Structures are given as structure tokens and as C-alpha cells.
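Thanks for coming. Please look at the sequence and the model on the screen before I start.

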Amino acid sequence: MDTPTPAGPTEPTETTGPTAQTAGFDALLDSARDVAQRAYAPYSGFRVGAAGLADDGRTVTGCNVENAGYGVTLCAECGLVSELIAGGGGKLEKFVCVNGDGEVIMPCGRCRQLLAEHASPQFRILTPLGERTLDAVLPQAFGPADLDDPAAADPAGPAAAERRTEGDPS
């Protein structure tokens, strides 16, 4: 039997064993499992469904759509964010994605970044290990604020960004 681990500030719930706690995520899980069955995955056979709760109460969903040109395959999260924006915008408060068997899975790193752009400050994601915050699954995420402050986005530091702003390319 696994020993529960205390939840820290970025981990609001805990789990015991392999079953993730799903409190507050049941309706989203149902939606994600439903849309996963409609995924277009003729090449990998790996169906993914995603569901999120928008800050205005809407449920938004997406499924993966593969393409023979693998690089243009769309992840389920892309479809979900498209539905969020097309439906009037807003921010995501909760999110879950599942595989074709209905098991909770983690979004890839690219999709975590996509979710970060559209997450509310209260955003929670259901993972195979339980409910987590965005910071727990994508620490130190790059975001819009990094584009507002060149020093924040410059790996060479604030002095290099300031030199470039003044016309010095070094």
C-alpha cells in the first residue's frame, strides 16, 4: 500500500495508489472520455480526449486529430483551446485529458504551455497522481509577461537586454 504524501502549496490534493482523486472532475472526465471516442487517430491508434471548465461555466472539449503529415497533427488540447476562444474566450479553471481507455494522462510539454496561456489563476489539472496546479506541472512557465519585459526573457540577463535596447548588439 502506498503511503499518502502531504499536499504542498502547488499540490492541493494527495493520492493513495494509482487511482487519481477525481472530486470536482467527474463531469469533465465524462466529457473527455466521450470526445476521446471521436478522435481521429488512424496512424497511431492513440485516442486522446480533453475537457476543461471555463471561468464562465462552459465546458469545452477537444480530441486529437492526426494527419499523414505527422507534424500537422493536432493535439486534443489545441481543439479545446480553439473551442474556448471560438465560444467567446475566457480562462480555463479546470482541465483533464484521457486516453482512449478513459485513463487520465498528462498533456505533453507543448500542450502544457498552450494551457498556461489560457489558464485562470485558479487553474487546476487532474493528473494520474491527482489534482495539481499549473506551476506544479509547468514550473517557471514562459508567458505573456516575459514578452513585456525583455530582461525577463533574456537568458543573458537584464544588462544584456538593456544594451540591446540601447542599440548595442553584444
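I will go through a surface patch, a pair of helices and a loop.

This is a predicted model, where local features need pLDDT of at least 70, side-chain atom pairs count only at pLDDT 80 or more, and totals for chains, interfaces and linings use all residues. Residues are numbered from 1 along each chain as its sequence is written, and side-chain values use heavy atoms, with hydrogens and water left out.

First, the patch. Tyr 40, Tyr 43, Val 65, Tyr 70 and Leu 74 make a nonpolar surface patch of about 530 Å². Val 65 sits in the loop between strand 2 (59–63) and helix 2 (76–86); helices (H or I, at least four residues) and strands (E, at least two) are DSSP runs, numbered from the N terminus.

Now the helices. Helix 2 packs with helix 3 (residues 109–117) at an angle of about 15°, and their axes are 9 Å apart. Therefore helix 2 is roughly parallel to helix 3, a label for angles under 35 degrees.

Glu 117 is in helix 3.

Last, the loop between helix 4 (134–137) and helix 5 (144–148), where Gln 140 lies. Phi of Gln 140 is near 55°, a positive value in a residue other than glycine. Gln 140 counts as exposed because its relative accessibility is 77%, and exposed means over 50% relative accessible area (1.4 Å probe, protein chains only).

Key: Patch = residues over 30% accessible without salt bridge, like charges linked within 9 Å, V, L, I, M, F, W, Y side chains within 5 Å. Areas by Shrake-Rupley, 256 points an atom, 1.4 Å probe, with all protein chains shown as cover. Salt bridge = Lys/Arg side-chain N within 4 Å of Asp/Glu carboxyl O. Axes fitted to C-alpha atoms, helices over the stretch in contact; angles between N-to-C directions. Parallel < 35°, antiparallel > 145°, perpendicular 65-115°, else oblique. Buried < 20%, exposed > 50% of the residue type's maximum accessible area, 1.4 Å probe, protein only.
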